[in-house]
Every structure is written in structure tokens, then in C-alpha cells.
Amino acid sequence: MNSTDFILAASESVNPLLPNPWEILVTGVGFAVLLFIVIKVIAPKFEQSYEDRVTAIEGGLEKAEAAQKEAEETLAQYKAQLLEARTEANRIREEARSEGAQILADLKTKATDEAARITEQSHRQIEAERVSALASLRTDVGALATELASKVVDEALQDDARAQRVVDKFLTDLEAQQNAGASN
């Protein structure tokens, strides 16, 4: 066989569109091995990673829901405590107002009582001073009246008892005249 025959024989049997059967077999075996590795090793790892992420997300959502629920409960407790504190503050404020009004009323009563006491004491002191002034005036007027009567009558009123009677009669007449003038 010569080289032309070999080329002709080779060119007749080899189709450039059809690959070599050995290449098809080696490529098929390589693909099967690669497919086996992907199915047995890589895909389970992807699945495990996917499941871990799903679990983490679901766990995170559950934790977030639990935290949200706890926050809502805490907020409700806070609002209840705030309402209770406001109610207590209002009660204390009202008690303070009531106590303030009571203290003010007590102070007004004490002030009124003290003013009445001071007024009564002043009246008693004025009355005592008036009585003292009247007694002093009686004595002075009596002495003056006695002296004047002595000069008018030209008689000595040295007798104290008689002088006292004359003074008393004079003052009684003077008071009677004042009472008669006041009633008119």
C-alpha cells in the first residue's frame, strides 16, 4: 500500500464531523465521573448550606418574633406603670391640694382667733386705762372742786369725808348732765 492509498483509505473512513469513538468513550467516562462527584459530594454540600441558611433565617425570624413579642409586652408593662404613676401623681397632687386648703383654713382660723384675742385684750387694757384715768380724773377733779368750792364758799373743806361727799355729789350731777345730753 502506498501512501496515496493510505491517505485515500484514511480519508474515506474518517468523517470530520464524527468524533473518534475513543474520544467519545473517554469524554463520556469523564462526564460520568464528574456527574458522580457533583451528585455525591458537591450537591449535598450545597443542599446542606441551603438548609443551614433556611434554618438560620427561620431561627432569626423566630428570634425576631420573640424579641418583638417581648418588646410589646415590655411596652405594655411600661404603659401600665406610666398610667399607674400618673394616677398616683394625680392622687398625691389632690391630697396636697386638700391638705393645703386645710392648712390654709386652719391658719385663717388661728389668725381670726388671735385677732379676736388681741382685740379682747386691747379692749380690756383700754377699759382698765379708762377706769384708771377716771379714777385719776375723779381725784384731780375732786381736789380742784374742793379747792374751788373752798374759795367760793369761803369755808375750808378740810374734813376729808365731807370733801369726798361734795366731790361725789358734783361728779354724780356732772354724769347725770352728760347722760341727759347724750340721750337727747
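Arg-130 is partly exposed, as its relative accessible area is 43% (buried means under 20%, exposed over 50% and partly exposed in between, with a 1.4 Å probe and protein chains only). The model is a predicted one, so local features need pLDDT of at least 70 and side-chain atom pairs count only at pLDDT 80 or more, while totals for chains, interfaces and linings use all residues. Residues are numbered from 1 along each chain as its sequence is written, and side-chain values use heavy atoms, with hydrogens and water left out.

Arg-130 has a salt-bridge partner in Glu-127, with 2.7 Å between the closest N and O atoms (a salt bridge is a side-chain nitrogen of Lys or Arg within 4 Å of a carboxyl oxygen of Asp or Glu). The two residues are three apart in helix H2, so about one helical turn separates Arg-130 from Glu-127. Glu-127 is likewise partly exposed, at 37% relative accessibility. Salt bridges with shared partners also join Glu-88, Arg-91 and Glu-95 into one network.

Glu-88 counts as partly exposed because its relative accessibility is 35%, and Arg-91 is partly exposed with a relative accessible area of 39%. A further pair is formed by Glu-114 and Arg-117, whose closest N and O atoms are 2.3 Å apart. In total, six salt bridges are counted.

The fold that carries these pairs consists of three helices and zero strands (DSSP runs numbered from the N terminus: helices are H or I with at least four residues, strands are E with at least two). Along the sequence, the pattern reads α-α-α. Of the chain's 184 residues, 5% count as buried. The chain exposes about 16,200 Å², of which carbon and sulfur atoms supply 61% (areas come from the Shrake-Rupley method with a 1.4 Å probe; for residues, only the protein chains shown count as cover).

Where does the surface form a nonpolar patch? Trp-22, Leu-25, Val-29, Val-33, Leu-34, Phe-36, Ile-37, Val-38, Val-41, Ile-42 and Phe-46 make one of about 1,100 Å² (patch residues have over 30% relative accessible area and no salt bridge; like charges are joined within 9 Å, and nonpolar side chains, Val, Leu, Ile, Met, Phe, Trp and Tyr, within 5 Å). Val-38, a member of this patch, belongs to helix H2, residues 21–153. Its relative accessible area of 35% is why Val-38 is partly exposed.

The largest pocket has a volume of about 170 Å³ (a pocket is an open set of points on a 1 Å grid over the protein atoms alone, with protein on both sides within 12 Å along at least five of seven lines, and a 1.4 Å probe fits there; lining residues have an atom within 4 Å of a point). Grid points are joined across faces, edges and corners, and the volume is the space filled by probe spheres set on them. Its lining consists of Leu-134, Leu-137, Arg-138, Val-141, Leu-171, Leu-174, Glu-175 and Gln-178. Helices H2 and H3 (160–183) each supply at least two of the lining residues. By type, the lining divides into five nonpolar, one polar and two charged residues (Ala, Val, Leu, Ile, Met, Phe, Trp, Tyr, Cys and Pro are nonpolar, Asp, Glu, Lys and Arg charged, and the others, including Gly, polar).
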